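Take a look at the model below. Then follow this short report from one residue out to the whole chain.

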Amino acid sequence: MAFDATFFAFVGLVLFLALVVYLKVPGMMAKSLDQRAENIRKELDEAKRLREEAQGLLAEYQRKRKEAEAEAAQIVASAEREAAALTAEAKQKTEEFVARRNALSEQKIKQAEAEAIGAVRAAAVDLAIAAAERVISAKADTSTRDALFKDALGSVQSRLN
């Protein structure tokens, strides 16, 4: 029997396979693959748990966002109501201020009219007195003047006492 290279290759392969079986390499590979499969299963379970947790957090944050939006809408509505109230109050105060200023202006105008009428009357009285003095001085003689002076003096004394 002639041993050629194919025979030695076959013997080497059989020895290699026997050595692999003897050293329990297939069991170790199966164990390693089982361990890897278990690790992948654990990672998948962890990923599933994390996903559920993330969905819960997402739902909570969406709820909080909706609540915040509702609260912001309430704040805006409240601010609009307050602004409307302040505007109405400012308008009312402005109208009251204008009414007071108009009343004050009318009062000042009436006072100025009264002062002007008084000044005109005083000027008319002064003018009448001056005219009467000229007329009396032109027509009256000394005895008439003395009588008028005594009469006016008596009138003033009676009013003072």
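## One lysine to start

Is Lys-48 buried or exposed? Lys-48 counts as exposed, because its relative accessibility is 53%. The cut-offs are these: buried means under 20% relative accessible area, exposed over 50%, and partly exposed in between, with a 1.4 Å probe and protein chains only.

Lys-48 sits in helix α2, which covers residues 25-139. Helices (H or I, at least four residues) and strands (E, at least two) are DSSP runs, numbered from the N terminus. Now compare sequence with space. Lys-48 and Ala-84 are 36 residues apart in sequence. Their C-alpha atoms are 53 Å apart.

Residues are numbered from 1 along each chain as its sequence is written, and side-chain values use heavy atoms, with hydrogens and water left out.

The score pLDDT is the predictor's confidence in each residue, from 0 to 100. The protein averages 88, and 98% of the residues score at least 70. Confidence is highest in α2, with a mean of 91. Confidence is lowest in helix α3 (residues 142-160), with a mean of 79. Where pLDDT is low, the predicted coordinates should not be read in detail.

## The overall build

The protein has three helices and zero strands. From the N terminus, the order is α-α-α. Along the principal axes, the C-alpha atoms fill a box of roughly 195 × 30 × 25 Å.

The radius of gyration is 62 Å, while a compact globule of 161 residues would have one near 15 Å. That radius is taken over C-alpha atoms, and the globule rule is 2.2 Å times the number of residues to the power 0.38.

## Surface and charge

Of the 161 residues, 1% count as buried. The protein exposes about 14,600 Å², and carbon and sulfur atoms supply 63% of that area. Accessible areas come from the Shrake-Rupley method with a 1.4 Å probe; for residues, only the protein chains shown count as cover.

The protein has 25 positive and 25 negative charges, and their mean positions are 1 Å apart. Lys and Arg count as positive, Asp and Glu as negative; His and the chain ends are not counted. Each charge is placed at NZ of Lys, CZ of Arg, CG of Asp or CD of Glu.

Arg-65 is partly exposed, because its relative accessible area is 43%. Arg-65 and Leu-15 are 50 residues apart along the chain, and their C-alpha atoms are separated by 70 Å.

Leu-148 is in helix α3. Leu-148 is partly exposed, with a relative accessible area of 43%. From Leu-148 to Lys-93 is 55 residues along the chain and 64 Å between C-alpha atoms.

## A loop and a ring pair

Lys-24 lies in the loop between α1 (5-22) and α2. Its phi is positive, about 60°, although Lys-24 is not a glycine. Lys-24 counts as exposed, at 58% relative accessibility.

How many aromatic pairs does a search of the whole structure find? The search finds one. The rings of Phe-7 and Phe-8 have centres 5.8 Å apart and planes at 65°, so the pair is edge-to-face. Rings of Phe, Tyr and Trp (its six-membered ring) pair if their centres lie within 6.5 Å; planes under 30 degrees apart count as stacked, over 60 as edge-to-face and the rest as tilted. Phe-7 is partly exposed at 31% relative accessibility, whereas Phe-8 is exposed at 52%.

Key:
This is a predicted model: local features need pLDDT of at least 70, side-chain atom pairs count only at pLDDT 80 or more; totals for chains, interfaces and linings use all residues.
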